[in-house]
Amino acid sequence: MGSFCADPASLSGPAWMLCYLTNPRHLAFYTSFGTVIALLIITAVVALSFGFGGAMAARARIAPVRWFGKAYIAIVRGVPDIAFFMFFVIALDQAFEIVRHHVKCPDWDQPIRQGSDFLVCAAAKLPLSTDPAWVHELYAFALAVLTFSIVFGAFAANILFGAMKSVPRGQIEAAESYGMSHGQIFWRITVPQMWLYALPGLSNLWMVLIKATPLLFLLGIQDVVYWARELGASRTPQFTSYPHGDWRMWYFLFLLVFYLTLTKISEIGFDRLQRRFSAGQATTGGEALRKAAA
């Protein structure tokens, strides 16, 4: 393929298009779809962990812990996502560098903040200027995952908190009558039962998370939106071996198909989960499954 595409100017028709779609920039574009999928999977796991911890904190018997859980849910849910993403990533990055600065450069005698400038010693920078490009990309991705997880974890916490309260009181009372402790009731009764009530809200949250992935572009990560804009913009022979007009509409149309396909697959997956959790339950969905099996 390399020798075949060595002289794009001599190619035309399907051969030109084949070489164009397999050049290194397009390979980076295809790889960016993996970046989006990886972000979704990792963020879903971490955000659900944050959400479960926040929901447990919000219903804790210890008042300060309960206040912390409810404050986390209220504050993060009350801040617009884009403002949180734009501010928190910078604040988190600077917080890491300040800690490293005090550890690695204790003899530094200049203020860190000088007007609008933020100055730390070279050894405290994250990542270091000498680190390879993949380290910078991985660090930016990790910051994005943490930020997404904190934001969507607050929404997950609110959903799980409500789901825990939705478990029928009769089941809790039955467990108490058998002499179960508070912890046993929580882990053996509340947690297994709550997923049925949490699943609709979590499915909606997953869809919102999918729609939020283009915000990676705002965080400086070369995601699908970045490459769609870069590759689709008009190019002249002066800057590329593959000149073309403004093709952004086609690239973003491809992204539309990708996101619609992803959401459709997600809907099918959540529908199957809903049916599985509803089996044997005294709910409308559970009764429908029972009658269908009869």
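Me: What counts as a disulfide, and how many does the structure hold?
Reply: A disulfide is a pair of cysteine sulfur atoms within 2.5 Å. It is a covalent bond between the sulfur atoms of two cysteines. This is a predicted model, and the structure holds one disulfide.

Me: Which residues form the disulfide, and how far apart are their sulfur atoms?
Reply: The partners are Cys-105 and Cys-121. Their sulfur atoms lie 1.8 Å apart. That value is within the 2.5 Å cut-off, so the pair counts as a disulfide.

Me: What is the handedness of the link between Cys-105 and Cys-121?
Reply: Look at the angle about the S-S bond. For Cys-105 and Cys-121 the angle is 85°, and the link is right-handed. The pair links distant parts of the chain, 16 residues apart. Cys-105 sits in the loop between α4 (81-104) and β1 (113-114). Cys-121 sits in the loop between β2 (117-118) and α5 (133-166).

Me: Are Cys-105 and Cys-121 buried or exposed?
Reply: Buried means under 20% relative accessible area. Both Cys-105 and Cys-121 are buried.

Me: How many helices and strands are in the protein chain?
Reply: Count ten helices and two strands. Then read the order along the sequence: α-α-α-α-β-β-α-α-α-α-α-α.

Me: What does the radius of gyration say about the protein chain?
Reply: Compare the value with that of a compact globule. For 294 residues, such a globule would have a radius of gyration near 19 Å. The protein chain has 25 Å. Next, take the box along the principal axes: the C-alpha atoms fill roughly 80 × 70 × 30 Å.

Me: What share of the residues is buried, and what share of the contacts joins residues 24 or more positions apart?
Reply: Buried residues make up 37% of the 294 residues in the protein chain.

Me: How many salt bridges does the structure hold?
Reply: Look for a side-chain nitrogen of Lys or Arg within 4 Å of a carboxyl oxygen of Asp or Glu. The structure holds eight salt bridges. One of them joins Arg-25 and Glu-230, with the closest N and O atoms 3.9 Å apart. That pair links distant parts of the chain, 205 residues apart. Arg-25 is in helix α2 (residues 24-58), and Glu-230 is in helix α8 (residues 224-232).

Me: Why is Glu-230 called buried, and why is Arg-25 called partly exposed?
Reply: The cut-offs decide. Glu-230 has a relative accessible area of 19%, so it counts as buried. Arg-25 has 37%, so it counts as partly exposed.

Me: Which residues are linked with Glu-230 in a network of salt bridges?
Reply: The network links Arg-25, Arg-229, Glu-230 and Arg-235. Within it, Glu-230 and Arg-229 meet at 3.3 Å, N to O. Arg-229 is partly exposed, at 37% relative accessibility. Another salt bridge joins Asp-246 and Arg-248 at 2.6 Å. Asp-246 is partly exposed at 45%, and Arg-248 is partly exposed at 36%.

Me: Which residues form a nonpolar patch on the surface?
Reply: Start with the whole surface. The protein chain exposes about 17,100 Å², and carbon and sulfur atoms supply 65% of it. The patch is formed by Met-249, Trp-250, Leu-253, Leu-256 and Leu-260. Together they have about 550 Å² of accessible area. Trp-250 lies in helix α9 (residues 248-278). Its relative accessible area is 54%, so Trp-250 counts as exposed.

Methods:
Residues numbered from 1 in each chain as written. Heavy atoms only, no water. Helix = DSSP H or I, 4+ residues; strand = E, 2+ residues; numbered from the N terminus. Buried < 20%, exposed > 50% of the residue type's maximum accessible area, 1.4 Å probe, protein only. Patch = residues over 30% accessible without salt bridge, like charges linked within 9 Å, V, L, I, M, F, W, Y side chains within 5 Å. Areas by Shrake-Rupley, 256 points an atom, 1.4 Å probe, with all protein chains shown as cover. Rg over C-alpha atoms; globule rule 2.2 N^0.38 Å.
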